[in-house]
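This report examines how two chains are arranged and joined in a structural model. Please have the sequence and the three-dimensional view at hand while reading.

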There are 2 protein chains.
Amino acid sequence: MVAGAIRAALRQCVLAEDIFQEVTDTSIAAGQQLVKHPLTKAVAFTGSFAGGKALFDLANQREEPIPVFAEMGSINPVVLLPGAIRDNKTLPTTIASSVLLGVGQFCTNPGLLIVVDTEGFASFLHKLSVEVAQAAPGTMLHAGIAANYKSKRAEALKEKGVLRLTEEKAETTDRQGAPALTLVNARDFIASTVLKEEVFGPYSLIVKCEDETELRQVIESLKGQLTGTVFGLPEELSEYKSSIDLLHARCGRLIFNGVPTGVEVTKAMQHGGPFPASTDSRFTSVGTDAIYRFVRPVAYQDFPEQFLPPQLKNNNELNILRCVNGTWTRNAVETFNLQQA
Amino acid sequence: MVAGAIRAALRQCVLAEDIFQEVTDTSIAAGQQLVKHPLTKAVAFTGSFAGGKALFDLANQREEPIPVFAEMGSINPVVLLPGAIRDNKTLPTTIASSVLLGVGQFCTNPGLLIVVDTEGFASFLHKLSVEVAQAAPGTMLHAGIAANYKSKRAEALKEKGVLRLTEEKAETTDRQGAPALTLVNARDFIASTVLKEEVFGPYSLIVKCEDETELRQVIESLKGQLTGTVFGLPEELSEYKSSIDLLHARCGRLIFNGVPTGVEVTKAMQHGGPFPASTDSRFTSVGTDAIYRFVRPVAYQDFPEQFLPPQLKNNNELNILRCVNGTWTRNAVETFNLQQA
């Protein structure tokens, strides 16, 4: 169905239909062959760290290495500042909805909630647990994803100091995933490698920090992320600036008082973050700028007007914004005889 | 001296002097350690293919791979169309000056001249040989570069079908490099791997093509290049369009009726081409856009005005061009109370 929609779009845009090809394969062999093919010039991938990193390595081992834009997962840390915990009455519902959205199968799912233990924390914890516990096990995309969710969740639960806040619910089919909310203190979180890995599904881990120093240490221990979120009062942003700066250095999109789930196809979207969230943090895989993954600049020096692509012709019939002698303009370039140049 | 100039520039720009550090080492160990250091986030390099590729591989083998922008050499093919050979009286002098400039030590040195054998070719060959032969051996940057030049030149001269057009001249010091002009036919060139490698120094190889088909085959056999040049009459560009398209697909800068040597620090400069000219053809290592090698985008979503960087504040006090709701503008953004959002 998706392939059909893309082909219809190509027809509508009067583009050659063959620029899109669909290959369906249950093994990883087809993908590997495509990445190794000499005519392949770039690769985009969404999936697991293991899958993306394998294709990245394969592409770099080619005689002619090619760029790989792999989006490989993220735990999307959400920092809950004291003001939000104390004053934001809808916060538990907001967070729970985001954790549970699409049975947690969003690459921007908030898998980590970092909280400083202050006034209202116990009440927040209780309300959030109730919200998450209310949700019935959901049907996931396929049995493989559901099995992976259960095994990653079980691994996380075995880690030192991890408490399950929601009761276990029966998963009656092999595609079902039951939500889970867990709690750990900052020191145990920092010491654990497993807890920094994504549990893809309706799961989130609360990290309890004693103070701002621990909050900073927790953020500092994180790898690259697609998103970083802060819930709080605007006046708290200066007070916690050093924590937010650390978050900024580790993510591609920084959100204030909103959930990370959901991406918008706009110019401002940045969907890609420092490794291992993606293999190339300078590009986005969602939004209009995503096309820059697949183009490279070519400078034309002293070519006659008639041989230039329309984007570079003096009259600017496409009415695009161009930098002409250092000035951005949509104006036509004053013509002169290039053949004499 | 260069380090001193950079430090003076940093002081003038009121930037922290320590953002620039100079490390001098005669082995490759220092460079390797810098590339492997966990705090290193990107690498730029200019030098040999072996050196650049080694750093690229090292950076990709890190636990957190980092981008490497290596500019690794190019033979900068120059296509001489029949009209230029026949009508352009100053062509031999123009080409010879570019080949000999700075004792050939430019990464954009025209190391390959591709010519279709038509009217005026013999005369062009004679004049160019005389021009190159007139030049005395020049002093190269250091003895290592001079030794490398002599060994690469000797390797090229041993290849099947290669004729030396200029007489050998004595190189009296270990830093001297004597110019050399050589000739080969298209078929021998296409069959050779050695002839497609850079001979860094005052050297150029003329490839004689019988017709346009051979011209296309020669260009098609080339790897990625920093530049591709065409000398000809404007009206020849349509006739040879398929050859020029092949050249376009293999270079970062396409030049008409000018020499490739010399790069300008402008917005329009593209100094970087498909592999192996550089490891990342999407970026330039010269020009104002070169800074994009060292930045990554971060999206701010719903942050209060006072916490945004100046580039994103509503009043646009930096007067930069910004895309606001799909429109490029320098106008201030109409303010509204973000705290209520």
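The following report treats the symmetry, the interface, the sheets and some local features in turn.

The model is predicted. Two copies of a chain are, in general, related by a rotation about an axis and a shift along it.

**The interface**

Contact between the chains involves 52 residues of chain B and 52 residues of chain A. Of the interface residues of chain B, 100% are also interface residues in chain A, so the copies meet through the same surface. The size of an interface is often given as the accessible area lost when the parts come together. For chain B and chain A the buried area is about 4400 Å², and carbon and sulfur atoms give 63% of it. On the side of chain B, the residues that lose the most area to chain A are Arg282(B), Arg296(B) and Phe307(B), which together account for 17% of what that side buries.

Polar interactions also cross between the chains. There are 19 residue pairs in polar contact between chain B and chain A. The elements of chain B that give two or more residues to the side touching chain A are helix 3 (49-60), helix 10 (236-239), helix 11 (241-248), strand 11 (251-256) and strand 12 (299-301). Among these, strand 11 of chain B gives the most, with 6 residues. By residue class, the side of chain B that touches chain A divides into 28 nonpolar, 9 polar and 15 charged residues.

**Salt bridges**

Over all chains, the whole structure holds 28 salt bridges, and 2 salt bridges are found across the interface of chain B and chain A. The table gives one pair between the chains and one pair within chain A.

| Salt bridge | Closest N and O atoms |
|---|---|
| Arg282(A) with Asp280(B) | 3.7 Å apart |
| Lys41(A) with Glu64(A) | 3.2 Å apart |

The pair of Lys41(A) and Glu64(A) links distant parts of the chain, 23 residues apart. Lys41(A) is placed in the loop between helix 2 (29-36) and strand 1 (43-46) of chain A, whereas Glu64(A) is in the loop between helix 3 (49-60) and strand 2 (68-71) of chain A. The side chains of these two residues are also joined by a polar contact of 3.2 Å. Apart from its neighbours within four places in sequence, Lys41(A) is in contact with Glu64(A), Ile66(A) and Pro67(A).

**Sheets shared between the chains**

Strands of a sheet pair through backbone hydrogen bonds, either parallel or antiparallel. One open sheet is formed by 8 strands in the order 6(A)-8(A)-9(A)-4(A)-3(A)-10(A)-11(A)-12(B), with mixed pairing. Its edge strands are strand 6 (163-164) of chain A and strand 12 of chain B, each of which pairs on one side only. Within this part of chain A, strand 3 (residues 77-80) and strand 10 (residues 225-231) pair in the parallel sense over 3 bridges, and Val78(A) has Thr229(A) as its bridge partner in strand 10.

Strand 12 (residues 299-301) of chain A is joined to strand 11 of chain B by 3 bridges, and the two strands run parallel. In this pairing, Ala299(A) stands opposite Arg253(B). Strand 3 (residues 77-80) and strand 4 (residues 112-116) of chain B pair in the parallel sense over 4 bridges, with Leu80(B) opposite Val115(B).

**Local backbone features**

Most residues other than glycine have a negative phi, and most peptide bonds are trans. In chain A, the peptide bond joining Phe275(A) and Pro276(A) is cis, with omega about 5°; Pro276(A) is in the loop between strand 11 (251-256) and strand 12. In chain B, the bond from Phe275(B) to Pro276(B) is cis, with omega near 5°, and Pro276(B) lies in the loop between strand 11 and strand 12 of chain B. Val14(A), although not a glycine, has a positive phi of about 50°. The place of this residue is in the loop between helix 1 (2-12) and helix 2 of chain A.

Terms used: Residues are numbered from 1 along each chain as its sequence is written. Chains are lettered from A and ligands numbered from 1 in the order in which they are written. This is a predicted model: local features need pLDDT of at least 70, side-chain atom pairs count only at pLDDT 80 or more; totals for chains, interfaces and linings use all residues. Side-chain values use heavy atoms; hydrogens and water are left out. Contact means heavy atoms within 4.5 Å. Buried area is the accessible area (1.4 Å probe) that two parts lose on being put together, summed over both. A salt bridge is a side-chain nitrogen of Lys or Arg within 4 Å of a carboxyl oxygen of Asp or Glu. A polar contact is a pair of N or O atoms within 3.5 Å; within protein, one must be able to donate a hydrogen and the other to accept it, and residues adjacent in sequence count only if both atoms are side-chain atoms. Ala, Val, Leu, Ile, Met, Phe, Trp, Tyr, Cys and Pro count as nonpolar, Asp, Glu, Lys and Arg as charged, and the others, Gly among them, as polar. Two strands pair if DSSP finds at least two bridges between them.
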